[in-house]
Amino acid sequence: MANPKTVRSARRQMSLDDRRREIITAAAGLFDRDGYSRTSMDDIAKTVGIAKPTLYHYFRSKEEILSSIHEEFIDLLLAKEERRRRAGLPPEQMLLEVMVDILELMETHHGHLRVFFEHHRELPDAARPGMRAKRDRYEEAVTRTIEAGVTSGVFRDLEPRLTALGLFGMCNWAYQWYRTGGPLRPREIAYQFWDIFVRGVAKPSS
């Protein structure tokens, strides 16, 4: 068990951004486990190991923490997408990695996933336009990947946005049934999803 004095000393050396990230991660875990409405600022402060007045030094409200969880999650997805685009991956590989991104986050950011998909309606009014813009930006990036695949002949001539929505529908809710330690790792699930999505389930005719 960690020495409390050592823990307090380490925390005093944390930057403002590091402390905020620690709070965001703890809150996402609590929202995932107990639900957003049932989690209080007291609960978050106790989990992080700070006094409630200290918590308000970093975040003015639970709603602000919720907004920060959304921001952290979508910014992570957008950064991954941008790195792949700069690398010039072909459309079929880009599509696979989009699936991998979402599914691997089931392990690394499970609480963020649940908050992002289930609690966007609780976002404060001031945060909604910016978040909607980032969600649209990510959706449009995936849609453009599908359009590129259609143009190059890799994909069939399907409606790109509808196809993108189908991909999100396949991956976004996997956290509801995925369990850490199961027979398949997230990347393995992504490969199987990709195979189903790109090649279909019908057996090729001989």
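## Surroundings of H112

Apart from neighbours within four places in sequence, H112 is in contact with I24, T25, A28, I69, E72 and F73. This description refers to a predicted model. H112 belongs to helix α7, and its relative accessibility of 4% means that H112 counts as buried, the limit being under 20%.

One of these contacts is polar: the side chain of H112 meets the side chain of E72 at 2.7 Å.

R114 is placed in helix α7, which covers residues 110-118. Its relative accessible area is 17%, so R114 is classed as buried, below the 20% limit.

When neighbours within four places in sequence are set aside, the residues in contact with R114 are F31, D32, H119, Y175 and Q176. Among them, Y175 lies in the loop between α9 (160-171) and α10 (186-199).

## Aromatic pairs

Over the whole structure, a search finds nine aromatic pairs. In one of them, the ring centres of F73 and F117 are 6.2 Å apart and the planes stand at 80°, so the pair is edge-to-face, for which the angle must be over 60 degrees.

F117 lies in helix α7 and Y175 in the loop between α9 and α10, so the pair ties together parts that are 58 residues apart in sequence. Both F117 and Y175 are buried. Ring pairs also extend to other residues, linking F73, F116, F117, W173 and Y175 into a cluster.

## Charged groups over rings

F116, one of the residues in the aromatic cluster, has the charged end of R135 over its ring, 3.8 Å from the centre.

## Helix α6

Helix α6 is formed by residues 91-108 and has 18 residues. From its first C-alpha to its last, the helix reaches 25 Å, close to the 26 Å expected at 1.5 Å a residue. Of its 18 residues, 13 are buried, so α6 is largely enclosed by the rest of the structure.

## D43 in helix α3

D43 is found in helix α3, which comprises residues 41-48. With a relative accessible area of 29%, D43 is partly exposed, because this value falls between the 20% and 50% limits.

Not counting residues up to four places away in sequence, D43 touches L30 and R38. The C-alpha atoms of D43 and A26 are separated by 9.7 Å, and the two residues are 17 residues apart along the chain.

Methods:
Residues are numbered from 1 along each chain as its sequence is written. This is a predicted model: local features need pLDDT of at least 70, side-chain atom pairs count only at pLDDT 80 or more; totals for chains, interfaces and linings use all residues. Side-chain values use heavy atoms; hydrogens and water are left out. Helices (H or I, at least four residues) and strands (E, at least two) are DSSP runs, numbered from the N terminus. Buried means under 20% relative accessible area, exposed over 50%, partly exposed in between (1.4 Å probe, protein chains only). Contact means heavy atoms within 4.5 Å. A polar contact is a pair of N or O atoms within 3.5 Å; within protein, one must be able to donate a hydrogen and the other to accept it, and residues adjacent in sequence count only if both atoms are side-chain atoms. The expected span of a helix is 1.5 Å times one less than its number of residues. Rings of Phe, Tyr and Trp (its six-membered ring) pair if their centres lie within 6.5 Å; planes under 30 degrees apart count as stacked, over 60 as edge-to-face and the rest as tilted. A charge sits over a ring if NZ of Lys or CZ of Arg is within 6 Å of the ring centre and within 35 degrees of the ring normal.
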